Amino acid sequence: MSTTPDFPYRLIATDLDGTLLRSDESVSRRTRDALTAATAAGAAHIVVTGRAAPWTRHILDDLGYRGLAVCAQGAQVYDAGAHRLLTSVTLDRQLAALALAKIEAEVGPLFLAASRDGLDGEVLVGPGYAVTGKLPATPFTDVSDLWSAPLNKIYIQHPTLTDDELAEASRQAAGGFVSVAMAGHGIVELLPLGLSKATGLSLAARRLGLKAAETIAFGDMPNDIPMFAWSSRGVAMANAHVELKAVADEVTASSEEDGIAVVLERLLG
């Protein structure tokens, strides 16, 4: 592995919600200082989030973040400094409609939302779908509205199944048509087949001339598993899902307790 004298990794990849961000969507001073010290030692920092760019931009702007960000579960590489999408992968809407039909045939009607493509793409939210937090969304009532413009992903919820149960049922029913990601409480997503955070991270790293063997990744949910598999070292937060902890190289403190900083400070010596 290529290293710097002061820090053993050239790339730090951090998930956003439940990892870099505390519950109030802030980043602690300790974590900011640790990332600043690591970048001063020669490492690059890339945010890798399930949020699409329109739901990510304001957070990165508030943080003063100017680097690359991987958004929408790997579908988008976003240049935060230039406020510009560098890459964007869209969902095949015919395959997505077929996938939804197959899932609903197994588990019954779903509550739906969808993320439209683009830097200003709307998030459409259907009847019954519960949006996490106070994120901006546009309501719809006619399901045909979902298919009227290019999409990055579809969000699904079920009235009785848990997130884990819904994700597994969706993979069983439609895994040959779409990828399924469980990204947080109430957040099960249908994505372009084969897409993951690792896809977008590998593209962003290549733009910086960096490699998987030089990367340490931090996360908290099953959608971070591909990113951990791609990276040299995967660090799960104390608040992480049990599936991610099972494949992590290390479990650190929670996002509320500066888990990223705990690891970076140790590595910086």
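This is a predicted model: local features need pLDDT of at least 70, side-chain atom pairs count only at pLDDT 80 or more; totals for chains, interfaces and linings use all residues.

Student: Let's start with charges. How many salt bridges are there?
Tutor: The count comes to 13 salt bridges. A salt bridge here is a side-chain nitrogen of Lys or Arg within 4 Å of a carboxyl oxygen of Asp or Glu.

Student: Which residues are linked in a network with Lys197?
Tutor: Asp15 and Asp224 are linked with Lys197 in a network of salt bridges.

Student: And what does Asp120 pair with?
Tutor: The side chain of Asp120 forms a salt bridge with that of Arg57 (2.9 Å, N to O). Asp120 sits in the loop between β6 (111-116) and β7 (123-125), while Arg57 is in helix α2, so this pair ties together parts that are 63 residues apart in sequence. Asp120 counts as exposed at 66% relative accessibility, and Arg57 counts as partly exposed at 22%.

Student: One more of these: where are Lys153 and Glu189?
Tutor: Their side chains meet in a salt bridge of 3.0 Å, N to O. Lys153 lies in strand β9 and Glu189 in strand β11 (residues 187-192), so they tie together parts that are 36 residues apart in sequence. Lys153 is buried at 0% relative accessibility, and Glu189 is buried too, with a relative accessible area of 2%.

Student: Switching to rings. How many aromatic pairs?
Tutor: There are three aromatic pairs. Rings of Phe, Tyr and Trp (its six-membered ring) pair if their centres lie within 6.5 Å; planes under 30 degrees apart count as stacked, over 60 as edge-to-face and the rest as tilted.

Student: Why is the pair of Trp55 and Tyr155 called tilted?
Tutor: The ring centres of Trp55 and Tyr155 are 6.2 Å apart with their planes at 35°, so the pair is tilted. This pair links distant parts of the chain, 100 residues apart: Trp55 is in the loop between β2 (44-48) and α2 (57-63), and Tyr155 is in strand β9 (residues 151-157). Both Trp55 and Tyr155 are buried. Ring pairs also link Trp55, Tyr129 and Tyr155 into a cluster.

Student: What about cavities, how many of 30 Å³ or more?
Tutor: There is one cavity of 30 Å³ or more, and the largest cavity has a volume of about 50 Å³. On a 1 Å grid over the protein atoms alone, a cavity is a set of points where a 1.4 Å probe fits but cannot get out, and lining residues have an atom within 4 Å of a point. Grid points are joined across faces, edges and corners, and a volume is the space filled by probe spheres set on the points.

Student: Which residues line the largest cavity?
Tutor: The lining includes Thr19, Arg22, Met237, Asp258 and Ile260.

Student: Last topic, the backbone. What is phi for Gln73?
Tutor: Phi of Gln73 is near 60°, a positive value in a residue other than glycine. Gln73 is in the loop between β3 (68-71) and β4 (76-79) and is buried, with a relative accessible area of 1%.

Student: And how about Glu25, what is its phi?
Tutor: Glu25 has a positive phi of about 70° although it is not a glycine. Glu25 is in the loop between β1 (11-14) and α1 (29-40) and is partly exposed, at a relative accessible area of 34%.

Key
Residues are numbered from 1 along each chain as its sequence is written. Side-chain values use heavy atoms; hydrogens and water are left out. Helices (H or I, at least four residues) and strands (E, at least two) are DSSP runs, numbered from the N terminus. Buried means under 20% relative accessible area, exposed over 50%, partly exposed in between (1.4 Å probe, protein chains only). On a 1 Å grid over the protein atoms alone, a cavity is a set of points where a 1.4 Å probe fits but cannot get out, and a pocket is an open set with protein on both sides within 12 Å along at least five of seven lines; lining residues have an atom within 4 Å of a point.
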